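Work through the exercises below with the sequence and the 3D structure open beside you.

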Amino acid sequence: EKGGYASFMLKEIAEQPKAVADTLLGRIDASGRLTLDEVRIPDAVLREADKVVVIACGTAFHAGLIAKYAIEHWTRIPCEVELASEFRYRDPILNRRTLVIAISQSGETMDTLMALRHAREQGAKVLAVCNTNGSTIPRESDAVLYTHAGPEVAVASTKAFLTQLVACYLLALYLGQVRGTKWGDEIHAVVRDLARIGDEVERVLETMEPVRALARSLADRNTVLFLGRHVGYPVALEGALKLKELAYMHAEGFAAGELKHGPIALIEEGLPVVVVVPSPRGRSVLHDKIVSNIQEIRARGARTIVIAEEGDEAVVPYADHLVRIPATPTLLQPLVATVPLQVFACELATARGNEVDQPRNLAKSVTVE
Ligand code: F6R
């Protein structure tokens with residue numbers, strides 16, 4: 001069943017280009033318009049929505065954090081993202097104009113299910129992003145956009161995460177299309193970039209050998225930190241979560257702009273720090289800021305592992321290890337930037353003798369609170 005791979009996780013990492021392409025299939029027409037027929041929520045309701053709230057747990061929550069950047073940029077609707085387990089006990093403010101997006105691979109996560117029930121009781125419309133046909137969360141939602149990752153067996157989520165991102169981008173662009181925001185041209189360009197992104201993920205997978213070697217060389221370490229900005233921040237959180245659950249190491253993700261507000265005190269000689277660098281094109285201010293952050297931590301002894309776009313020369317002098325990813329528009333970068341972090345965690349865990357498909361203490365689907 002593992003199709004020649006040593007683990008389901010490795011197989012599922014390798015399946016990502018196809019999972020991404022399958023999730024796009026049939027949802028973009030020849031003229032570049034989105035046709036999300038499954039979203040049965042009437043356009044009039046989508047046009048009137050004045051707030052989007054994303055609820056999810058774990059890796060799906062990280063997809064939601066990234067979705068916020070896309071939704072707010074392309075639709076100009078305020079978007080909140082909340083852990084389902086916090087949301088439902090917080091007495092959240094919801095009404096008929098609130099669009100709730102519940103993201104779940106399994107469709108059975110109890111906290112997410114309870115949160116969506118709570119939202120519907122308040123009159124909000126709930127749209128599920130889910131990978132499992134006919135599971136409870138889509139059945140109890142007003143509409144569902146299925147991710148087409150295929151069954152995910154390994155406990156740690158990989159291909160489901162990438163397809164959750166794709167589904168969230170599609171939704172954000174669709175909302176933009178329905179509401180006719182001023183980003184019309186940009187939306188067309190992004191749809192074209194999205195259609196190509198599976199190939200870019202494939203290219204990343206082809207260049208992972210140095211990442212594996214690096215991961216093996218760090219097998220005896222205790223801590224790895226991850227830094228990012230903008231959409232790279234949730235990518236850093238996801239990289240840290242993968243390392244915790246698979247390698248049982250202390251791993252933490254930070255927003256790079258927060259370094260000076262505390263985390264920089266953790267930097268000591270030889271500490272591995274993974275930095276996700278935004279594209280130098282477009283939002284170049286962010287790029288320059290993170291290059292300064294890399295200089296700051298390196299001056300304090302950090303061993304920098306830099307994930308940066310091809311052609312980004314500014315990072316070269318400060319990178320102890322440089323991992324190249326294809327140039328993509330900033331908002332789409334998580335689709336390529338997450339892949340090396342998955343490979344890194346999987347290889348490091350294997351080097352530590354851990355069972356990557358079945359990490360200790362974890363279950364694939366958390367159907368209790
Ligand atoms: C991490 C992981 C978990 C799940 C979380 C939500 O690799 O797999 O954090 O993402 O338990 O599960 P779903 O998406 O099934 O609701």
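**Exercise 1.** Find which element gives the most to the lining of the largest pocket, and describe that pocket.

*Solution.* The element that gives the most is α11, with 4 residues, where helices (H or I, at least four residues) and strands (E, at least two) are DSSP runs numbered from the N terminus. The elements that give two or more residues to this lining are α4, β3 (98-104), α6 (110-121) and α11. A pocket is here an open set of points on a 1 Å grid over the protein atoms alone, with protein on both sides within 12 Å along at least five of seven lines, while a cavity is a set of points where a 1.4 Å probe fits but cannot get out; lining residues have an atom within 4 Å of a point. The largest pocket is lined by 25 residues, and Cys57, Gly58, Thr59, Lys364 and Val366 are those nearest its centre. Its volume, the space filled by probe spheres set on points joined across faces, edges and corners, is about 580 Å³.

The model is predicted, so local features need pLDDT of at least 70 and side-chain atom pairs count only at pLDDT 80 or more, whereas totals for chains, interfaces and linings use all residues. Residues are numbered from 1 along each chain as its sequence is written, and side-chain values use heavy atoms, with hydrogens and water left out.

**Exercise 2.** Locate the ligand and describe the residues around it.

*Solution.* Begin with the place: the ligand sits in the largest pocket, which requires that more than half of its atoms lie within 2 Å of the grid points. Next, take the shell, made of residues with a heavy atom within 4 Å: 13 residues surround the ligand, and the closest are Ser104, Gln105, Ser106, Thr109 and Glu245. The largest share of this shell, 3 residues, comes from α4.

Then turn to the polar contacts, pairs of N or O atoms within 3.5 Å. A polar backbone atom of Ser157 is 2.9 Å from an oxygen atom of the ligand, and a backbone N or O atom of Val155 lies 3.2 Å from a ligand oxygen atom. From Lys242, a polar side-chain atom lies 3.1 Å from an oxygen atom of the ligand.

**Exercise 3.** Determine how many cavities of 30 Å³ or more the structure holds, and what lines the largest cavity.

*Solution.* There are 3 such cavities, and the largest cavity has about 50 Å³ of space. Its lining consists of Val211, Leu214, Val274, Ile305, Ile307, Val323, Pro340, Leu341 and Phe344. Two or more of these residues come from each of α10 (209-217), β9 (303-309) and α13 (334-351), and α13 provides the largest share, 3 residues.

Definitions and conventions
A polar contact is a pair of N or O atoms within 3.5 Å; within protein, one must be able to donate a hydrogen and the other to accept it, and residues adjacent in sequence count only if both atoms are side-chain atoms.
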